[in-house]
Amino acid sequence: MAVSTTDIANQALSHIKNSTRISSFDEPTPEVDLIKLHYDTCRDEVMAASNWGFASATVAAMPLPTTVGQWAYAYSRPSDAIALRNILRTGETTQTSPENRIAYAEVAGPTDGTVAIVTDEPIAWIEYTRRIENPSAYTPDFVTALGYRLAAAIAPALTKAKGASREMMELYAQALGSARARDKNSRRVLISPRPSGIRARTQSTVRSR
């Protein structure tokens, strides 16, 4: 059975022993208003906490027409990126060892509101964690962790129990650790096709890691 945002919200309410249950984020209730205030932030925080298999992607790097600052190369940051994980040189297909990783930075791009990836080496691929808004893609472990993180955020306003938010954060940390460990057992990384006009360096397929 697919999980919905309201399922996760109701889990969070249950964790703090709140008897309210919601069926839609459009309901005009204080609980819904509070959950809507925190949901996206909590989801993105948990998403960024690990390179989850269901949200991990490797895409061809898209060079920008101009460089930024003193850096030799500038590339577009994927618009759906929550966190960058690795950048790969031409010919590299797997994550490099720490000592061989390319130094890079994320800076304001040449256009207002954009972010650029800048480096002094040409790169071919960008590995990152995507923002996934559809909860049907989440693993059960991720849902559990997100439920506890959301519970910690709403606890101060919805419960008088002393230390409830701290307790939820402790449970979140435990759930996150378990979810990370299980996620490592099986991961699939999506490779998006290189944009038109830019020669693909490797075949664009779904690969297993």
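Reader: How many bridges join β4 to strand β5, and in which sense do the two run?

Author: In general, the strands of a sheet pair through backbone hydrogen bonds, in either a parallel or an antiparallel sense. Here β4 and β5 (residues 115-119) run antiparallel and are joined by five bridges, where pairing requires that DSSP finds at least two bridges between the strands. Strands are DSSP runs of E with at least two residues, helices are runs of H or I with at least four, and both are numbered from the N terminus. Within this pair, Glu106 stands opposite Ile117 in β5, and Ala108 has Val115 in β5 as its bridge partner.

Reader: Before going on, on what basis are such values given?

Author: This is a predicted model, in which local features need pLDDT of at least 70 and side-chain atom pairs count only at pLDDT 80 or more, whereas totals for chains, interfaces and linings use all residues. Residues are numbered from 1 along each chain as its sequence is written, and side-chain values use heavy atoms, with hydrogens and water left out.

Reader: What is the mean pLDDT of the protein chain, and over which residues does pLDDT stay under 50?

Author: For pLDDT, the predictor's confidence in each residue from 0 to 100, the mean of the protein chain is 85, and 85% of its residues reach 70 or more. Over residues 194-209, however, pLDDT stays under 50, and for this stretch the model has 34 contacts beyond four places in sequence, a contact being heavy atoms within 4.5 Å.

Reader: In what order do the three strands form the open sheet?

Author: The order is β2-β5-β4, with antiparallel pairing; β2 (73-76) and β4 (104-108) are the edge strands, since each pairs on one side only. From one strand to the next the twist averages 35°, with axes taken as lines fitted to C-alpha atoms and angles running from 0 to 180 degrees between N-to-C directions. On the β2 side, four bridges hold the antiparallel pair of β2 and β5, and Tyr75 has Ile117 in β5 as its bridge partner. Four of the five residues of β5 are buried, so β5 is largely enclosed by the rest of the structure; buried means under 20% relative accessible area, exposed over 50% and partly exposed in between, with a 1.4 Å probe and protein chains only.

Reader: How many aromatic pairs does a search of the whole structure find?

Author: A pair of aromatic rings is described by the distance of the centres and the angle of the planes. The search finds six pairs. In one of them, the rings of Trp52 and Phe54 have centres 6.5 Å apart and planes at 20°, so the pair is stacked. Rings of Phe, Tyr and Trp (its six-membered ring) pair if their centres lie within 6.5 Å, and planes under 30 degrees apart count as stacked, over 60 as edge-to-face and the rest as tilted. Both Trp52 and Phe54 are buried. Tyr138 and Phe142 form a tilted pair, at 4.7 Å centre to centre with 55° between the planes, and both of these residues are buried as well. Ring pairs link Trp52, Phe54, Tyr138 and Phe142 into a cluster.

Reader: Which residues does Arg43 touch, not counting those up to four places away in sequence?

Author: Arg43 touches Arg131, Ile132, Glu133, Tyr138, Phe142 and Leu146. Arg43 is found in helix α2 (residues 30-48) and counts as buried because its relative accessibility is 5%. Its side chain is joined to that of Asp40 by a polar contact of 3.2 Å.

Definitions and conventions. A polar contact is a pair of N or O atoms within 3.5 Å; within protein, one must be able to donate a hydrogen and the other to accept it, and residues adjacent in sequence count only if both atoms are side-chain atoms.
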